[in-house]
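Let's take a friendly walk through this model, from its sheets to its helices. Please have the sequence and the structure at hand.

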Amino acid sequence: IAQLPSNFKVLFAKNKIMKKVLRELDPVKFGDLIESIQGNVLVAFFDGMDPADVLRASERFQRKAHAVAGDVTRKDIVVPAGPTGLPPEKINLFQSARMNTKINKGKIDVAADHTLVKAGEVVGISEANLLSMLNIMPFEFGMDIRRVYENGEIYSSSILLIDQSCIEASIAECVSLLAAVSLGAGIVTEASVSYEVNSAYTDIRRVALGLGLSLDK
């Protein structure tokens, strides 16, 4: 795929072939990876890329597609209210789908949003034909990263969402927690030093003010 970054390579092959190659390489090392190869799978290789760029590269290749009889939808397929551009002769298609319609200027209008196929249901022949006539493309095809493999470990794709700011925030939270534990236990640590100094300064300031001394002294 020419539009992909040069260090993002995609491999298409039959599942049996990919599993066979991995078993020949090392059935123990790639055991979990072999088990993950199910359904329509492609393998993407990348190195030296920011994780967020990997996700963006995959998202760029999402394409809309028409419904085909036999497809199972993951979400509700809704026909929106409004003009369809279809002539009155096609009204029976809408009536069979139990859709509220009206004739407006010689064309069929859908009176209200109508859920034609619910999530988890199979698209029938009549539904597929109607969606095609309305030019509604409810399905998307493309790369959807599900698993990430690195050094013998398999991770959820959510690991690609971890960027530098996430790491820094996590470290800051850990340091804050360590400081709280140190202060509670009365143990001075590097994490609690700044809090100890601030607390000592506050105590000195209170004593100085109580004695009528200025902070400069």
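In which sense do strand 5 and strand 7 pair, and over how many bridges? The two strands run antiparallel, and two bridges connect strand 5 with strand 7 (residues 107-110). Strands here are DSSP runs of E with at least two residues, helices are runs of H or I with at least four, and both are numbered from the N terminus. Two strands count as paired if DSSP finds at least two bridges between them.

Before going further, please note that this is a predicted model, in which local features need pLDDT of at least 70 and side-chain atom pairs count only at pLDDT 80 or more, while totals for chains, interfaces and linings use all residues. Residues are numbered from 1 along each chain as its sequence is written, and side-chain values use heavy atoms, with hydrogens and water left out.

**Sheet and insertion**

Across from Gly 82 you will find Val 110 in strand 7.

For residues 68-136, UniProt (unreviewed entry) lists the feature "domain: Large ribosomal subunit protein uL10-like insertion". UniProt positions follow the numbering used here, feature names are shortened, and annotations may be inferred rather than shown by experiment. In the model, this span is 22% helix and 25% strand, and its end C-alpha atoms lie 12 Å apart.

The domain assignment, whose bounds come from an automatic or database source, gives domain 1 (8-62 + 142-161), domain 2 (71-137) and domain 3 (166-211). The centres of domain 2 and domain 3, taken over C-alpha atoms, are 64 Å apart.

**Hairpin and aromatic pair**

Strand 10 (residues 147-150) and strand 11 (residues 153-156) run antiparallel and are joined by four bridges. Val 148 has Tyr 155 as its bridge partner in strand 11. Two residues lie between the strands of this hairpin, where Asn 151 takes a positive phi near 50°.

How many aromatic pairs does a search of the whole structure find? The search finds one. Phe 30 and Tyr 149 form this tilted pair, 5.8 Å centre to centre with 40° between the planes. Rings of Phe, Tyr and Trp (its six-membered ring) pair if their centres lie within 6.5 Å; planes under 30 degrees apart count as stacked, over 60 as edge-to-face and the rest as tilted. The partners are 119 residues apart, with Phe 30 in the loop between helix 1 (15-25) and helix 2 (31-36) and Tyr 149 in strand 10.

**Helix 6 and its end**

Ser 182 sits in helix 6 (residues 164-185). Beyond its neighbours within four places in sequence, Ser 182 is in contact (heavy atoms within 4.5 Å) with Ile 187, Thr 189 and Ser 192. Just after helix 6, Gly 186 takes a positive phi of about 75°; this glycine lies in the loop between helix 6 and helix 7 (193-210).

The table compares relative accessible area: buried means under 20%, exposed over 50%, and partly exposed in between (1.4 Å probe, protein chains only).

| Residue | Relative accessible area | Class |
|---|---|---|
| Ser 182 | 5% | buried |
| Phe 30 | 13% | buried |
| Tyr 149 | 28% | partly exposed |
| Gly 186 | 60% | exposed |
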